[in-house]
Amino acid sequence: MANKKGEHVSNLDTPCMLVYESGVRRNCQAMLDRCKNLDVQLRPHMKTHKTVEGGLLMTHGSRRCIAVSTVAEAEFYADNGFEDILYAYPLVGKVKIERIQALHRRLESFHIMLDHDDQLQALLSASQVDGTTAPWSVFVDVDVGYGRTGVDPSSGSAIALAQTITSNPSTCLAGVYVHCGHSYHCKSAEEIRRVAKEAGQRAVHFAERLRQSNITCPVVGIGSTPSCSQPPDSLPGITELHPGNFIFYDLQQHWAGSCQLDDIAIRVMTRVVGHYPDRNRLVIDCGFTAISKQNDPETGCYALFDGHPGLKLVSMSQELGVVGGTEDGDLDLTKYPIGSLLFILPYHACAVAGLHAIYHVIDASDMCSAVWTPCRGW
């Protein structure tokens, strides 16, 4: 049967997501080496792949020091022997807090992230009812330019939140957490390095403000795959990096200046299912349920076809993609027989991975050497 370990890639059913083993290993090792050279701890984010196998590669087999974005991920990794887990997401909702409390009780090292006193008070109230006694390890989420979540590091309320965490016997401040999401708007490695340097400086400055207020701040962490893939030569005061997408990379990363095209370690494999010469189009069995509708905001490009620069994904419906040419003139449909395979480089690997129930790991002989099954849900 298709979609099983031991099959040649050409025998797999389509559409399907392919993970190239040599590429993910190379990407993970490069990030580990980069962090070692910068003398910082790597806390890789699991949100892109959400698999045990990917987690082992990103942690160099240690199963320690990771970040997750859903409670389901935290539970999944805890069930698979991972420790030192940071739930890097705003903590709200009775049900989620109850699940977080269970993780807090079972794990040796578990951290949460907050950016508002209401979140903290909800947690403390629930802990009193639950009878939780071990202190909560809390990171303060800090906004240094992305404008999504996080406290304003120049505000008095940010210091007050950290003081409340430190002064309460049920909580301790683990450090500050910064997501450099604005690095995705960059267009070159040089620009990424500038953004990463500024983000690091703002994070360190906030940590210094905390220390001046007699608040201990052990960890100062920044992250985003661009800022961690193309960091400045040094990051003084930064102790931790937490990128995630780097295990796969994608066109978004490439166009931002984060990686080379050859670093992209995934493809979505699809088959040609129709020829329409009167419209100068061919159709593939890959719609937005296999690669998502995320695209480059400037060019509108959803994807590239590996080895076929003359093809362009023009439009998608749920299960079909319409393909035309990148230049004027008739598309030579004889080059793309019905049933032939095409390999798509996606715009956003995280979005694509979230659409596939399994990932086929492909070795150097184009054989499926393993099948990874990701965690799902929230």
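Reply: Let us begin with contact, which means heavy atoms within 4.5 Å. Please keep in mind that this is a predicted model.

Me: Which residues does Asp285 touch, not counting residues up to four places away in sequence?

Reply: Asp285 touches Thr14, Pro15, Thr270, Arg271, Val273, Glu319 and Leu320, with residues up to four places away in sequence not counted. Asp285 itself is found in the loop that lies between β11 (281-284) and α10 (288-291).

Me: Which side chain of opposite charge is nearest to Asp285, and how far away is it?

Reply: A salt bridge requires a side-chain nitrogen of Lys or Arg within 4 Å of a carboxyl oxygen of Asp or Glu. For Asp285, the nearest side chain of opposite charge is Arg271, 5.6 Å away. Asp285 is thus buried yet has no salt bridge.

Me: With which side chains does Asp285 make polar contacts?

Reply: A polar contact is a pair of N or O atoms within 3.5 Å. The side chain of Asp285 is joined to that of Thr14 by a polar contact of 2.6 Å. Another polar contact, also given as 2.6 Å, links the side chains of Asp285 and Thr270.

Me: Where does Ser224 lie, and what is its phi?

Reply: Ser224 lies in the loop between β8 (219-223) and α8 (225-229). Its phi is near 140°, a positive value in a residue other than glycine. Ser224 counts as buried because its relative accessibility is 2%, and buried means under 20%.

Tyr249 also has a positive phi, of about 60°, although it is not a glycine. Tyr249 is found in the loop between β9 (240-241) and α9 (251-256), and is buried, with a relative accessible area of 4%.

Me: Which residues of α6 are buried, and which are exposed?

Reply: Helix α6 (residues 156-167) has 12 residues and reaches 16 Å from its first C-alpha to its last, close to the 16 Å expected at 1.5 Å a residue. In α6, the residues Ala158, Ile159, Leu161, Ala162 and Ile165 are buried. They are on the same side of α6 because they cover an arc of only 155° around the axis. Gly156, Ser157 and Ser167 are exposed on the other side of α6.

Technical notes
Residues are numbered from 1 along each chain as its sequence is written. This is a predicted model: local features need pLDDT of at least 70, side-chain atom pairs count only at pLDDT 80 or more; totals for chains, interfaces and linings use all residues. Side-chain values use heavy atoms; hydrogens and water are left out. Helices (H or I, at least four residues) and strands (E, at least two) are DSSP runs, numbered from the N terminus. Buried means under 20% relative accessible area, exposed over 50%, partly exposed in between (1.4 Å probe, protein chains only). Lys and Arg count as positive and Asp and Glu as negative; His and the chain ends are not counted. A polar contact is a pair of N or O atoms within 3.5 Å; within protein, one must be able to donate a hydrogen and the other to accept it, and residues adjacent in sequence count only if both atoms are side-chain atoms. The expected span of a helix is 1.5 Å times one less than its number of residues. The arc is that of the directions from the helix axis to the C-beta atoms.
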